[in-house]
Amino acid sequence: MGKRILITGAAGFLGSHLCDRFINEGYHVIGMDNLITGDMRNIEHLFPLSNFEFYHHDVSKFIHVPGELDYILHFASPASPIDYLKIPIQTLKVGALGTHNCLGLARAKNARMLVASTSEIYGDPLVHPQNEEYWGNVNPVGPRGVYDEAKRYMEAITMAYHTFHGVQTRIIRIFNTYGPRMRLNDGRALPAFIGQALRGEDLTVFGDGSQTRSFCYVDDLVEGIYRLLMSDYEKPVNIGNPNEISLKDFAEEVLKLTGSSVKIIYKPLPVDDPKQRRPDITKAQELLGWEPKVGRAEGLKKTYEYFKNLPQEELYKQPK
Ligand code: NAD
């Protein structure tokens, strides 16, 4: 019999790509999602398959999955600032209670569990680039604290289940990832710029645009997740693309790609917006033989094609 994997957050951007990958690897995939930020259209192509099941369920509540499980990927969580600022309590709950429930399930089923942590646990970093030994600079009561601290707690309880209950756990710290199935209106820079360009609006850069980001294409991330899951390393591993770009330069790249003649306008920087983010991926390179393969020009083109082909009304849809 094929291996069975539970993927929480299955209807989201990353969760849906993970469902595709594990289906292609021949797994029986059980997707779980409460659709708070996800979209069933991301996984509707999987419904006819006999090796795919979907549970509409809030993972912050008790989870029951019949049968055996070999792996659990815990990806359920609001992920963009626009979402977690609107639903802060659910964000804290899914990082805390949701992770606890998944770990309990992993322990009961003797399954290996990987949790989706984030570069946000480094906060506004005082060390650059960030390696896994850096403990971070997070403001727990700032607006982003609900997400950052939820994920820090998630790492702590995951490590505790490993140490005290012997559960096989993996922790991935994901840096900004992009690709098809992102939401245009999720507030992140990349879809925001593309959405504005497609609507013929000026591109909004917050601050002076000198703050940097590094963007990893989703296929590269999924490969990193797969390799980490199959590895025997239980401490956190950064996965991201170290190729850094300022938001101002990035906005210009988007304008060039879309052929748009709109302008770039500048607005005040939001509170606690990190100034620099770049992963140190030495550990992923050495332990997993992983590094990103898709350059920004190629990834951006694929993502733009996806957004361009969305129905016109999607361009004007307000966040959930
Ligand atoms: P997303 O919003 O597209 O997907 C998250 C999914 O989780 C959604 O489908 C949502 O409905 C579901 N969900 C949220 N709370 C839930 C709950 N209580 N019960 C069941 N389902 C729930 O976001 P994403 O970008 O795909 O992010 C997925 C995961 O990866 C998150 O845990 C996020 O913190 C992490 N991550 C993402 C990035 C990135 O660049 N996209 C970076 C770092 C970490």
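**A walk through the predicted model**

Thr 99 has its place in helix α3, which spans residues 88–109, where helices (H or I, at least four residues) and strands (E, at least two) are DSSP runs numbered from the N terminus. The model is a predicted one, in which local features need pLDDT of at least 70 and side-chain atom pairs count only at pLDDT 80 or more, while totals for chains, interfaces and linings use all residues. Residues are numbered from 1 along each chain as its sequence is written, and side-chain values use heavy atoms, with hydrogens and water left out. The protein chain averages a pLDDT of 95, and 98% of the residues score at least 70, pLDDT being the predictor's confidence in each residue, from 0 to 100. The model scores ipTM 0.99 and pTM 0.96.

With a relative accessible area of 0%, Thr 99 is buried, a word that stands for under 20% relative accessible area, with exposed over 50% and partly exposed in between (1.4 Å probe, protein chains only). Leaving aside residues up to four places away in sequence, Thr 99 touches His 74, Val 94, Met 113, Val 115, Met 154, Ile 157 and Thr 158, contact meaning heavy atoms within 4.5 Å.

The loop between β5 (112–118) and α4 (145–165) holds Gly 123, which is buried at a relative accessible area of 7%. The C-alpha atoms of Gly 123 and Lys 275 are separated by 9.9 Å, although the two residues are 152 residues apart along the chain. Pro 129 is also found in the loop between β5 and α4, and a cis peptide bond with omega of about -10 degrees joins His 128 to Pro 129.

Most residues other than glycine have a negative phi, and most peptide bonds are trans. Leu 35, in the loop between β2 (28–33) and β3 (52–56), has a positive phi near 65 degrees and is partly exposed, with a relative accessible area of 21%. Arg 181, in the loop between β7 (177–178) and α5, has a positive phi of about 85 degrees, and is buried at 17% relative accessible area.

Helix α5 (residues 189–199) packs with helix α7 (residues 247–258) at an angle of about 40 degrees, their axes 10 Å apart; axes are lines fitted to C-alpha atoms, for helices over the stretch in contact, and angles run from 0 to 180 degrees between N-to-C directions. The contact is made by Ala 189, Leu 190, Phe 193, Ile 194 and Ala 197 of α5 and by Leu 247, Phe 250, Ala 251, Val 254 and Thr 258 of α7.
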